[in-house]
Each structure stands twice: as structure tokens, then as C-alpha cells.
Amino acid sequence: MSSSAPEHAASAPQCLQLNRFGQLRHFLSIEGLSRELLTEILDTADSFIEVGARSIKKVPLLRGKTVVNLFFEPSTRTRSTFELAAKRLSADVLNMDIRTSSTSKGESLLDMLRNMEAMASDMFVVRHAQSGAPHFIAQSVTPNVAVINAGDGRHAHPTQAMLDMLTIRQHKGSFENLTVAIIGDILHSRVARSQIQALRALGTPEVRVIAPNTLLPAEVERLGVKVYRDLKQGLKDVDVVMTLRLQKERMESALLPSEAEFYRLYGLSAEKLRWAKPDAIVMHPGPINRGVEIDSEVADSPQSVILNQVTNGIAVRMAVMSMAMSGQMAEMAASQEVRP
Amino acid sequence: MTSLINVETLLDTMAEEIKAVMAQRGISDPVLVGIRTGGVWLAEYLHKKLGLREALGELDISFYRDDFTRIGLNPTVRPSRLPFETEDRHIILVDDVVMSGRTIRAAMNELFDYGRPASIILAALVDVGARELPIQPDVVGRRIQLEPDQQVKLRGPDDLRLELRQKNATTSGP
């Protein structure tokens with residue numbers, strides 16, 4: 001361990017997520033990743049979709065590897081699709097539900113990580129209420145462990161963004177001619193932040209956000225989006241409509257007058273969806289508040305691709321996990337070669 | 001970069017030999033599967049030559065390689081495509097160059113994840129020996145003895161040709 005310090009200092013400054021060959025070794029954020037790398041994730045995920053259609057939906061890539069799901073925040077779909085993805089890669093999976101584990105007994109995060117490492121874990125999948133927690137973990141773990149961000153605070157949810165990108169590419173072919181609108185609570189949404197970064201990086205010419213002022217971050221335009229407060233104007237000529245979950249606790253913090261008011265102005269009904277292009281697809285990261293941000297009629301309509309998103313979530317997570325493990329192993333092999 | 005041998009002539013002979021193996025084993029309605037990329041090019045030719053009923057299958061073995069822990073994931077992996085049920089079917093598996101036998105092992109592992117085939121016939125354009133596993137092709141276009149610093153590569157998909165060339169240390173990436 002002590003010999004690794006000067007090596008780190010000697011290596012050129014590089015993004016924490018990439019190894020010395022520019023390959024993925026952690027997946028923490030869309031930020032800083034090239035269009036080529038994001039496209040490679042989507043292409044690899046395409047191959048895993050085919051695996052999911054077989055009678056035996058399993059490949060031996062991560063056989064003998066141990067993946068630990070570290071969920072400091074409750075999640076059903078994300079955790080179960082990560083678990084299924086790891087199992088379809090033949091990894092062994094340990095699910096740590098931290099609210100019921102020893103951190104509630106006062107064990108520090110680092111102590112717990114050291115214990116997980118001592119169990120010869122190869123990958124941590126981290127969901128945390130605090131922004132930056134997965135980065136912190138990636139910086140703190142032993143160098144052979146890959147870290148995947150499964151959602152941190154208001155910061156990022158990169159696998160959600162990539163499964164959305166895969167879904168868009170399946171339905172629209174490419175990103176070059178698309179107008180995409182994201183509706184709802186942009187301010188608190190790690191999903192929206194990652195979606196915007198991914199859409200921009202993949203070359204989407206027009207990304208719009210549609211929300212009331214109280215649910216928009218300051219200087220949101222700097223993310224490369226057009227801002228609309230009016231749903232009708234915002235949906236005009238749109239190819240992809242991305243709705244976001246409205247978190248009920250926001251209502252209590254007085255950012256919104258009421259659910260009913262939000263629904264009246266920004267809730268996606270069949271009638272309002274007609275303002276977009278006739279072949280527009282409708283997306284939602286789940287879980288849905290039916291009748292708040294989206295109507296059942298829309299969520300269950302042929303234009304809705306919400307269940308495709310879930311299926312694609314498994315394939316994207318398989319892609320990211322195998323690519324990060326691969327990049328991590330390449331880095332380890334290279335660092336052993338330089339060692340005297 | 002010398003072009004060695006006329007590939008189509010070899011394939012014509014291979015098609016006849018495949019028919020002979022089928023007759024000997026009493027196989028009448030096989031399906032054809034090529035291993036990406038070279039094996040698929042060859043399988044396309046053989047598919048026409050054998051006049052098979054069903055579309056060609058394509059196998060990408062990247063997820064089944066036994067050297068993932070050493071060389072990592074192939075960044076250009078594409079979906080495998082088997083447009084037929086493999087359960088209880090006779091499969092003709094086609095690859096361009098057979099060497100260690102590891103690619104064929106990976107391909108057979110992948111095939112079995114689609115179902116249990118009745119049998120597999122292995123056809124390879126070139127056998128360079130140097131086997132590391134007990135795997136032998138049933139039909140071989142040409143056996144070639146390579147010098148230690150040589151390698152053989154199929155070029156295509158149009159105008160298929162075999163190249164015998166010197167190994168280049170710089171071509172092997174991380």
C-alpha cells in the first residue's frame with residue numbers, strides 16, 4: 001500500500017473514473033466522460049439486451065467476482081436491477097441495507113468499507129443521500145475495487161441517465177436531430193442533472209427544461225439547456241418527453257403550492273402530450289406518482305416507453321459493471337508492471 | 001502481406017466435405033453459425049453453397065472469453081444473433097482460424113446457453129495447430145505450419161483473402 005502513493009503522484013492528472021488507458025474504472029458521473037465512451041456503454045448494453053432475451057440469461061464475465069450493493073437510501077427498482085445485472089454477469093452479490101446494519105450502531109463509513117474490502121469485494125454499487133459519497137468511497141477504497149454510483153443526493157444518477165439514453169436511441173436512432181424536454185423538479189433531481197449531461201455529451205442539439213422557477217437550479221442555462229416555464233411552449237416540436245418524479249416532501253417545504261396546482265400546470269395528460277410531436281416518446285424514471293407528474297392514460301399509452309426503461313436498466317448496468325471491472329483490472333495489471 | 005491461397009476454392013471444397021460429414025452422420029437439416037468476424041464472412045458463403053433453409057446465425061463470443069481477467073472486455077462487442085431455436089438442432093459452427101481452441105470452447109459455451117443442440121460440426125478455414133485444448137475441427141480448409149513470429153489473418157468481407165504476416169508487437173493493446 002505504501003508504495004502506491006508516489007505512483008499516484010507521478011501519474012498525470014486524470015479523471016478519477018478513468019484508468020491510464022482512458023477506460024472506465026469507476027462510474028460516478030456522466031460529467032467528464034467523452035461521447036465515444038458513452039457510446040461504447042450504449043453499444044455494449046445493446047449486446048447485453050440480446051443476452052436478456054435468451055433462455056439462459058447469464059454470461060460468465062464476472063464469475064468469481066463479488067459485488068456489494070451498498071444502499072444507504074431505500075430503493076427497490078435500482079437495487080433489484082443492479083442485483084439482477086450482477087447475477088446475469090455471474091458475480092456473487094451481497095446486498096447491504098445500511099439502515100439495518102452496523103452504521104446505525106455507530107460504525108464509521110470507512111470502517112465498514114474496510115470490512116467489505118476484507119471480504120475480498122471487487123465492486124461497490126453505492127446509493128447515498130449525500131452528494132459526493134460515491135466519489136469519496138472511490139477515493140478511499142483499495143485500488144482494485146470498482147465503484148458504481150447508483151444515485152447520490154442531488155448530484156448524479158449516471159446509470160439511470162444511460163438507460164434513458166439507450167431507450168431514446170432504440171426509439172429515435174440517434175441524438176443528432178432531437179429536441180428533448182425534461183419536465184418537473186429539476187432543482188432536486190440527480191436524474192435530470194445526469195440526463196442533461198448525457199444528452200449534451202451525445203450531441204443532442206436541443207435540451208429543454210420545463211419547470212416553475214422554484215424548481216429550477218440557479219443559472220440552469222449554464223448546463224446547456226433552454227428554459228421554459230410554460231408547458232405548451234416547451235413541448236412544441238419535442239421528440240422525447242422526460243418526466244420526473246415529484247417528491248412529495250417538496251410540497252411541504254413550500255416550493256410548490258400543491259400537488260393539484262403542479263398537475264394543472266405541469267402534469268402530463270394525454271391532452272397536453274398532443275402539444276409535442278405526434279411520435280414523441282414519454283419517459284419516467286419511476287416510481288410514478290400517477291395523477292401528479294403524469295396521468296395513467298399517458299403512462300400506459302403506446303407512446304410510453306417506461307417499461308422499456310426498466311428492461312434497459314439491467315443491460316446498461318451489466319455494461320457499466322463489466323466495463324468498470326475490465327478497466328480496473330487493466331489498471332492493476334499496468335501498475336504491477338511499473339512496480340520495481 | 002502476401003495473399004496465400006484462394007479462399008473461395010477452399011470454401012467450395014469445405015462445403016463438399018461438410019456434406020460428406022452430414023451424410024455420414026445422417027444429418028439433413030442443419031443450421032449454420034459463424035463466429036465473428038471472419039467466421040461470419042465464411043459462413044455467409046457456405047450458407048449459399050449449402051442452400052440452407054434457415055437464416056445464418058452470428059456469434060460474438062466476447063462475453064465468454066476465458067481471458068477477461070487478463071485482457072478485459074472487447075470494446076467493439078456486438079449482439080449475437082441466432083434467428084432460430086438451437087434446442088435439438090444440428091449446428092455447423094464456422095470459424096476462420098483455429099489455434100489454441102479457446103475461441104471454440106467459448107463459442108460452444110455460448111451456444112449451450114441458447115439450448116441443447118443435437119450436435120455440432122466444426123468447420124475452420126485454417127488450422128494452424130498449436131492447440132491448448134482437446135478440440136479438433138471436423139472440416140479444415142487448409143493446415144498451415146506457422147513460424148513462431150508469423151500469424152495468419154482473414155481479410156474481408158468482400159474479396160476474402162488470407163494474409164500471412166509477421167507478428168507485430170505494437171498491435172497488441174492493453
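A residue counts as partly exposed when the number of other C-beta atoms within 10 Å of its own falls between the buried mark of 20 or more and the exposed mark of 12 or fewer. Keep that in mind for the first view; everything here comes from a predicted model.

**View 1. Gly156(B) sits in a loop between two strands of chain B.** The strands on either side are β7 (150–155) and β8 (161–166). Is Gly156(B) buried, exposed or partly exposed? Count the other C-beta atoms within 10 Å and you get 17, so Gly156(B) is partly exposed. Skip the neighbours within four places in sequence, and Gly156(B) still has contacts: Gly38(B) and Trp41(B). Gly129(B) is another story: 27 residues away from Gly156(B) along the sequence, with 23 Å between their C-alpha atoms.

**View 2. Two helices of chain A, α2 and α6, cross at roughly 70°.** Helix α2 covers residues 35–52, helix α6 covers residues 158–172, and their axes come within 10 Å.

**View 3. Chain B touches chain A.** How many residues of each chain take part? Chain B puts in 16 residues, and they are in contact with 21 residues of chain A.

Key:
Residues are numbered from 1 along each chain as its sequence is written. Chains are lettered from A and ligands numbered from 1 in the order in which they are written. This is a predicted model: local features need pLDDT of at least 70, side-chain atom pairs count only at pLDDT 80 or more; totals for chains, interfaces and linings use all residues. Two residues are in contact if their C-beta atoms, placed from the backbone, lie within 7 Å. Axes are lines fitted to C-alpha atoms, for helices over the stretch in contact, and angles run from 0 to 180 degrees between N-to-C directions. Helices (H or I, at least four residues) and strands (E, at least two) are DSSP runs, numbered from the N terminus.
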